[in-house]
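Here is the note you asked for on this model. Have a look at the picture first, then read on.

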Amino acid sequence: MQNCTDNTIQSITIIRPDDWHVHVRDGAMLQHVLPHTARQFGRAIIMPNLKPPVTTTAQALAYRERIVAALLSAIDKDGVSKFQPLMTLYLTDNMSPDEIHRAKESGLIHAVKFYPAGATTNSDAGVTALRRCYPVLEAMQEVGMPLLVHGEVTDPAIDIFDREAVFIEKVMQPLRRDMPELKVVFEHITTKDAAQYVTEADGRIAATITAHHLLYNRNEIFKGGMRPHYYCLPVLKREEHRQALIVAATSGNERFFLGTDSAPHDKNLKEHACACAGCYTALHAMELYAEAFDQAGALDKLEAFASFNGPKFYDLPRNVGTITMRRENWIVPVELPFNAGVIVPLNGGAGMNWKLL
Ligand code: DOR
Ligand code: ZN
């Protein structure tokens, strides 16, 4: 895509954004990564794929307490204390509709995540056949609880680069035909097929888009050798798909909003014979998005994507307060060591053009 950067724009101030899809993990990793998210975002939808997964309201509320405790220990950092975690449940074949009512009544659980069993990290306990979950989905439809969808089929006969497009036909369309009132977020879309589907579909559907899928195509994984820090699921796709995602994110269409899918793994598990999927972007998320929107000549569209469209879909108010980023060169750290290991951020060692103040 042509680089349309307008160098006359030196700074950008937007209403504080939210991250509508993030993995903050637990324990020592949680303590280490959470301040990065809390520094930039007012709220974040917290993914439930812990080991074991967060399948009940009681588990989600206990996880929330651990997140709040981790925030308190970082309270001296400006703004960190105001951050709100929005909890989710992990859908399983055995979930009862009563769980949805308990979750709704808690006021702290905002969505349910659907992982097809085996699709990605810690998805073994995920759904084997969505029909088994129809009583739960009906309860969600009734109380207005969104379903967050990892949209990839798991059939090993389907090429990994086609799994999202096949999912639309095999799972998404039948689901939305059977549950027309269910609010659905097609998470971390990676293809022109998904962008088109979300643009054209009837009803209450939206999609999150990551910064890495806006910035890179699949060549990035293989540039000069195997680069596991660019491996995530759904995997990066061809350039034509990246361009379709840029068009969607910068279109002003309210159905598209920010979800980093920042997914930290210890360096040993990324630089491994069977590397874990996930890109760590929480460190510099807004700066990565600013880069992508700037390259598309669409910095004026960043605020709606990052700060307006998500709360509208989730029926929440916009954040109060703002963040400011300045055009400034800085180098992403190569490694982020913490007491229990090392995280390698996406783009470590590379130059960035935007800096969050
Ligand atoms: O790359 C990914 N990493 N995709 C996912 O769906 C899960 C995530 C993780 O939890 O590591
Ligand atoms: Zn994710």
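1. **Ground rules.** This is a predicted model, so to speak with conditions: local features need pLDDT of at least 70, side-chain atom pairs count only at pLDDT 80 or more, and totals for chains, interfaces and linings use all residues. Residues are numbered from 1 along each chain as its sequence is written, chains are lettered from A and ligands numbered from 1 in the order in which they are written, and side-chain values use heavy atoms, with hydrogens and water left out.

2. **Overall build.** The protein chain has 11 helices and 13 strands; these are DSSP runs numbered from the N terminus, with at least four residues for helices (H or I) and at least two for strands (E). Its radius of gyration is 19 Å, close to the 21 Å that the globule rule gives for 357 residues, so the chain is as compact as a globular protein of that length. That radius is taken over C-alpha atoms, and the rule is 2.2 Å times the number of residues to the power 0.38. Along the principal axes, the C-alpha atoms fill a box of roughly 55 × 45 × 45 Å.

3. Of the 357 residues, 57% count as buried, where buried means under 20% relative accessible area, exposed over 50%, and partly exposed in between (1.4 Å probe, protein chains only). The accessible surface comes to about 14,400 Å², and 51% of that belongs to carbon and sulfur atoms; the areas come from the Shrake-Rupley method with a 1.4 Å probe, and for residues only the protein chains shown count as cover. Taking contacts between residues at least 6 apart in sequence, 74% join residues at least 24 apart; contact means heavy atoms within 4.5 Å.

4. **The parallel sheet.** Which strands make up the parallel sheet, and in what order? There are 8 of them in an open sheet, running E2-E3-E4-E5-E6-E7-E8-E9. The edges are E2 (19–22) and E9 (256–258), each pairing on one side only. From one strand to the next, the twist averages 30°. Two strands pair if DSSP finds at least two bridges between them. E3 (residues 43–46) and E4 (residues 84–90), for instance, are joined by 3 bridges, and Ala44 has Pro85 in E4 as its bridge partner.

5. **Strand E8 up close.** E7 and E8 also pair in the parallel sense, over 3 bridges, with Val184 opposite Ile205 in E8. Ile205, Ala207 and Ile209 point one way from E8, while Ala206 and Thr208 point the other way. 5 of the 5 residues of E8 are buried, so the strand is largely enclosed by the rest of the structure.

6. **Helices around that strand.** Helix H6 (residues 192–200) lies across E7 (184–186), E8 (205–209) and E9, at about 145° to E8. Axes here are lines fitted to C-alpha atoms, for helices over the stretch in contact, and angles run from 0 to 180 degrees between N-to-C directions. In helix H8 (residues 239–249), the buried residues include His241, Arg242 and Leu245. The buried residues of H8 pack against H6, E8, H7 (211–215), E9, H10 (285–295) and H11 (302–313).

7. His21 is buried at 1% relative accessibility, and His23 is buried at 7%. His23 sits in the loop between E2 and helix H1 (27–40). Beyond its neighbours within four places in sequence, His23 is in contact with residues including Met47, Tyr115 and Asp261.

8. **The other sheet.** An open sheet of 3 strands has the order E1-E10-E13, with antiparallel pairing. Its edge strands are E1 (11–15) and E13 (351–356). E10 (residues 322–331) is joined to E13 by 5 bridges, and Trp330 stands opposite Met352 in E13. H10 lies across E1, E10 and E13, running at about 115° to E13.
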